[in-house]
Amino acid sequence: MDITTVLFYIFSAVLLGSAFRVITAPSTVHAALFLILGFFNAACIWMLLKAEFLAITLVLVYIGAVMVLFLFVVMMLDINSDKVRQGFWKHLPLGGLVGAFAALEMAAVLMGGFRLNAAPEPSALALQLGNTKLLGIAIYTQYLYPLEIAAVLLLVAIIAAIALTLRGRKDSRSQNPGDQVKVKKGDRLRIVKMAPTVEVPAVEATAAAENSKGAA
């Protein structure tokens with residue numbers, strides 16, 4: 001066993017442990033930090049596989065941008081994780097079953113695509129292009145339909161996240177044009193009947209006061 005294989009197993013073990021802690025950490029901030037650790041170890045594994053572009057992209061985009069923004073949002077919103085974790089152990093068997101099915105499906109796909117012994121030798125032109133250009137060519141030619149499906153799934157996930165987190169805030173000052181159109185006159189204007197108030201001239205008021213004093 002060479003040093004590359006040892007590093008692969010070390011990074012893989014840390015990656016699996018950090019992924020498990022992402023879903024079991026009591027604090028949301030700690031879960032995000034474990035996710036950063038998992039991303040870093042995944043980048044190290046890609047470096048061992050000589051996929052430098054993917055490793056650098058993972059570090060710069062996910063760790064440097066997405067996770068920092070995610071941590072900022074989590075700390076600003078101060079989410080109550082106890083309420084979110086209600087029913088965790090109740091739904092754990094079903095979640096584990098779905099996770100095992102997804103792992104088997106990914107293993108079935110990856111086992112057919114990562115047989116290094118059957119991989120063709122790269123040509124001189126491919127070596128000259130580099131792995132970044134070859135990756136782009138493969139994505140937009142051979143794997144175009146999986147890329148489109150992944151894009152649709154990400155779009156659905158974005159819409160679902162917005163729908164799940166969209167709440168009616170009481171302190172919001174936003175206006176709904178639909179409610180404004182439905183407003184009737186009686187909703188905004190109320191007519192109140194009041195007794196008329198007659199203003200008495202100042203001279204008559206003084207005379208009435210003197211008469212009342214004389215009578216007394």
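User: Which residues does Ala42 touch, not counting residues up to four places away in sequence?

Analyst: The model is a predicted one, in which local features need pLDDT of at least 70, side-chain atom pairs count only at pLDDT 80 or more, and totals for chains, interfaces and linings use all residues. Residues are numbered from 1 along each chain as its sequence is written, and side-chain values use heavy atoms, with hydrogens and water left out. A contact means heavy atoms within 4.5 Å. With residues up to four places away in sequence set aside, Ala42 touches Leu15 and Leu58.

User: Is Ala42 buried or exposed?

Analyst: Buried means under 20% relative accessible area, exposed over 50%, and partly exposed in between (1.4 Å probe, protein chains only). Ala42 counts as buried because its relative accessibility is 17%. This residue is placed in helix H2; helices (H or I, at least four residues) and strands (E, at least two) are DSSP runs, numbered from the N terminus.

User: What does H2 pack against, and where do the buried residues of H1 lie?

Analyst: An α-helix has 3.6 residues a turn, so residues three or four places apart point the same way. In H1, the buried residues are Phe11, Ser12 and Ser18. They lie on the same side of H1 because they cover an arc of only 135 degrees around the axis, the arc being that of the directions from the helix axis to the C-beta atoms. These buried residues pack against helix H2 (28-48). The face of H1 turned away from its buried side carries the exposed residues Tyr9, Ala13, Leu16 and Phe20.

User: How many residues has H1, and what length does it reach?

Analyst: The expected span of a helix is 1.5 Å times one less than its number of residues. Helix H1 (residues 3-24) has 22 residues and reaches 32 Å from its first C-alpha to its last, close to the 32 Å expected.

User: Which residues make the nonpolar surface patch?

Analyst: Like charges are joined within 9 Å, and nonpolar side chains (Val, Leu, Ile, Met, Phe, Trp, Tyr) within 5 Å. Here Ile56, Val59, Leu60, Val61, Tyr62 and Val66 make a nonpolar patch of about 500 Å², with areas taken from the Shrake-Rupley method with a 1.4 Å probe, where for residues only the protein chains shown count as cover. Val59 lies in helix H3 (residues 52-77) and is partly exposed, at 32% relative accessible area.

Key: Patches are made of residues with over 30% relative accessible area and no salt bridge: like charges are joined within 9 Å, nonpolar side chains (Val, Leu, Ile, Met, Phe, Trp, Tyr) within 5 Å. A salt bridge is a side-chain nitrogen of Lys or Arg within 4 Å of a carboxyl oxygen of Asp or Glu.
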